[in-house]
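Biologist: Could you walk me through this model before I start working with it? I'd like the conventions spelled out as we go.

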Amino acid sequence: MKKITRILLSIFLAFSAGTMAQSDSATSDLNLDAYRQVNDFVDENESCFECHANTKYVLIDEFFGREIMQSMCKDKIVTRDEYYSMVHNSFACLDCHAYEYEEFPHPLEARLEQPYQCIDCHGYDENYAHFRFEDIEMEYMESVHAKGIENFSCWKCHDPHAYKLTIGADGTSISDGIAYNNDICLSCHSDFSRFELLTEREEINILETHDWLPNQATHFGSVRCIECHTSISDSTFVAHHVLSSDKAVKKCAECHSKNSILMASLYKHEAKESRRRYGFINGVILNEAYVIGANRNTFLSTIGIILFLATLGGVSIHIIARIIYKK
Amino acid sequence: MAKLSYHYPLSIRIWHAINALCILLLILTGISMYYVDPDRILIEFSWAVKIHNVTGVILSFSYLFFLIANAVSKNRKYYKMPLKGLMNRLVKQSGYYAFGMFKGEKKPFPLTEERKFNPLQKLFYVLAMYVGVPLVIISGLGLLFPESVIKALFGVSGILITDVLHVAMGFFISLFLVIHIYVSTIGHTKSANFIAIISGYGWIEETENETKSEE
């Protein structure tokens, strides 16, 4: 079967020798200089962006002089703004992609290339030691994604052309980070067209599977999916050991308590000094966050307990006096 | 001379019973949520949340009834607290509780047909019913519908401020409850006030002279 495919492909390539692609939109009005501030390969990358930054492109057959408008597959669109503001914004496209991609139509060998994984570049690299990619890799390998889904990779969650650091990164609010992170999960778990590419499972309705959760919208906007759906570990920035749904956190008190697991996950990197000195409450005041049961205002608690004890003391003294005076 | 009188009409007794039950449940579930600990469970968290929410809504309606009833009935007169001479009256009543009652002195402000509450009672009832309860209801509604609360005030989470207010008022109402129940034992007999709020019949003084002089 593979042999037949190759033969047909060779015939197709032979016929399409004079074929080229051209973007439908002009690039002259682009401010490429802004991108050059962060990337030395802007001009080289333009040969890719010319098509891949647009929703459509024109396929030209020079031999027969025909032109056909084609739409760019949604998953293959990479916007310049996103690309040049992501974590790997200094890269040339061909740093990660095979040189064969310079050919058009892209040869099958290139399209079936095995993409690099995070560990391939970052593993055992002192410059990235604080991210603990080795631990992330170990956690990931234990996850339901790695164990249960063939061909799953880092890039199924982390968009290689747009990935940004959020929680724990400078200048990112917790709420923005939560939304960004949850979008990663929802991009498959609430989009069946992507979900079915990786699994035979039936479509999941996130709202229905979480209907037990009180204040569902508030929870979805206030914590990341991974807070409950991973095995929290202290060794990594972000937990990657994604658990099966039956092992997800369901006990309210795991988050809503003084020893909230959120301390080891969502708020791990925030206001550490403040938390060390005063506990969770003061840390989360700085975070503008709030968790019932976990936010114990130590000042309020102390005042409350003192007043309560004073009241009980006063009542007790009065009772004793009434007993003595028989009133 | 004390006499047994129909002091608390049925509507007030039902309202009081609903309030009492709601506030007890709210305090218990509130403490369960505030001091939640997986190892020491008073009421399981999800149940505490459900009970607290439902009871809070019932209390809110009960408070609405209180406001409307006070607006349209004569019941509001019992809450009137003229500022003139207030301090003297409070000192007088406090002195009675602290010393006078042990010396066998007469009550400075005995209950009559016209006066259900002594000045100290009145102060705490007004604070509880017109400050504590409204604030705890408003902040409670804010926590029930967190999306309605402002995101931040002076850089501090709006919902956190709402919660601190809610918990502080919860503490205040809890203290009020302890004092309220204890002071209720200082009646004609130790159980007279409890019987009165259930049966409606309480012991009151026949004279009204002192009521007039107070207000």
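Predicted model: local features only at pLDDT ≥ 70, side-chain atom pairs only at ≥ 80, totals over all residues.

Biologist: Good. At what angle do α3 and α4 of chain B cross?

Modeller: The axes of α3(B), residues 86-103, and α4(B) cross at roughly 110 degrees and come within 8 Å. The two helices are therefore roughly perpendicular to each other, the class that covers 65 to 115 degrees, whereas angles under 35 count as roughly parallel, those over 145 as roughly antiparallel and the rest as oblique. On the α3(B) side the contact involves R89(B), L90(B), Q93(B) and S94(B), and on the α4(B) side P119(B), L120(B) and L123(B), where contact requires C-beta atoms, placed from the backbone, within 7 Å.

Biologist: What sort of residues make that contact of α3(B) with α4(B)?

Modeller: They divide into 4 nonpolar, 2 polar and 1 charged. Here Ala, Val, Leu, Ile, Met, Phe, Trp, Tyr, Cys and Pro count as nonpolar, Asp, Glu, Lys and Arg as charged, and the others, Gly among them, as polar.

Biologist: Switching to α2 of chain B, what span should it have, and why?

Modeller: Helix α2(B) covers residues 45-72, so at 1.5 Å a residue its 28 residues should span 40 Å, and its end C-alpha atoms are 40 Å apart, which agrees. The expected span is 1.5 Å times one less than the number of residues, and helices are DSSP runs of H or I with at least four residues, strands being E runs of at least two, both numbered from the N terminus.

Biologist: And which residues of α2(B) are buried?

Modeller: Those are F45(B), A48(B), V49(B), H52(B), T55(B), G56(B), L59(B) and S62(B). A residue is buried if 20 or more other C-beta atoms lie within 10 Å of its own, exposed if 12 or fewer, and partly exposed in between, with C-beta atoms placed from the backbone. The cover over these buried residues of α2(B) includes α1 (10-34) and α4 (119-144) of chain B.

Biologist: What does α1(B) look like, then?

Modeller: α1(B) has 25 residues and reaches 35 Å from its first C-alpha to its last, close to the 36 Å expected. Its buried residues, including C22(B), I23(B), L26(B) and M33(B), pack against α2 and α5 of chain B.

Biologist: Which residues touch the most other members in the largest nonpolar core?

Modeller: Among its 18 residues, L262(A), M33(B) and F45(B) touch the most other members. A nonpolar core is a set of buried Ala, Val, Leu, Ile, Met, Phe, Trp, Tyr and Cys residues joined through C-beta atoms within 7 Å. At least two residues each come from α11 (174-189) of chain A and from α1, α2 and α5 (158-183) of chain B, and α2(B) gives the most, with 3 residues. Another core, of 10 residues, lies apart from it, with I23(B), L59(B), V136(B) and I173(B) among its members.

Biologist: How many helices and strands has each chain?

Modeller: Chain A has 18 helices and 3 strands, and chain B has 7 helices and 4 strands. Along the sequence, chain B follows the pattern β-α-α-α-α-β-β-α-α-β-α. Buried residues make up 19% of the 327 residues in chain A and 25% of the 215 residues in chain B.

Biologist: Which backbone details in chain A should I look at?

Modeller: F104(A) and P105(A) are joined by a cis peptide bond, with omega about -5 degrees, and P105(A) sits in the loop between α5 (93-96) and α6 (108-111) of chain A. R132(A), although not a glycine, has a positive phi of about 55 degrees, and it is partly exposed because 17 other C-beta atoms lie within 10 Å. N151(A), also other than glycine, has phi near 65 degrees, and with 8 C-beta neighbours inside 10 Å N151(A) counts as exposed.

Methods. Residues numbered from 1 in each chain as written. Chains lettered and ligands numbered in written order. Contact = placed C-beta atoms within 7 Å. Axes fitted to C-alpha atoms, helices over the stretch in contact; angles between N-to-C directions.
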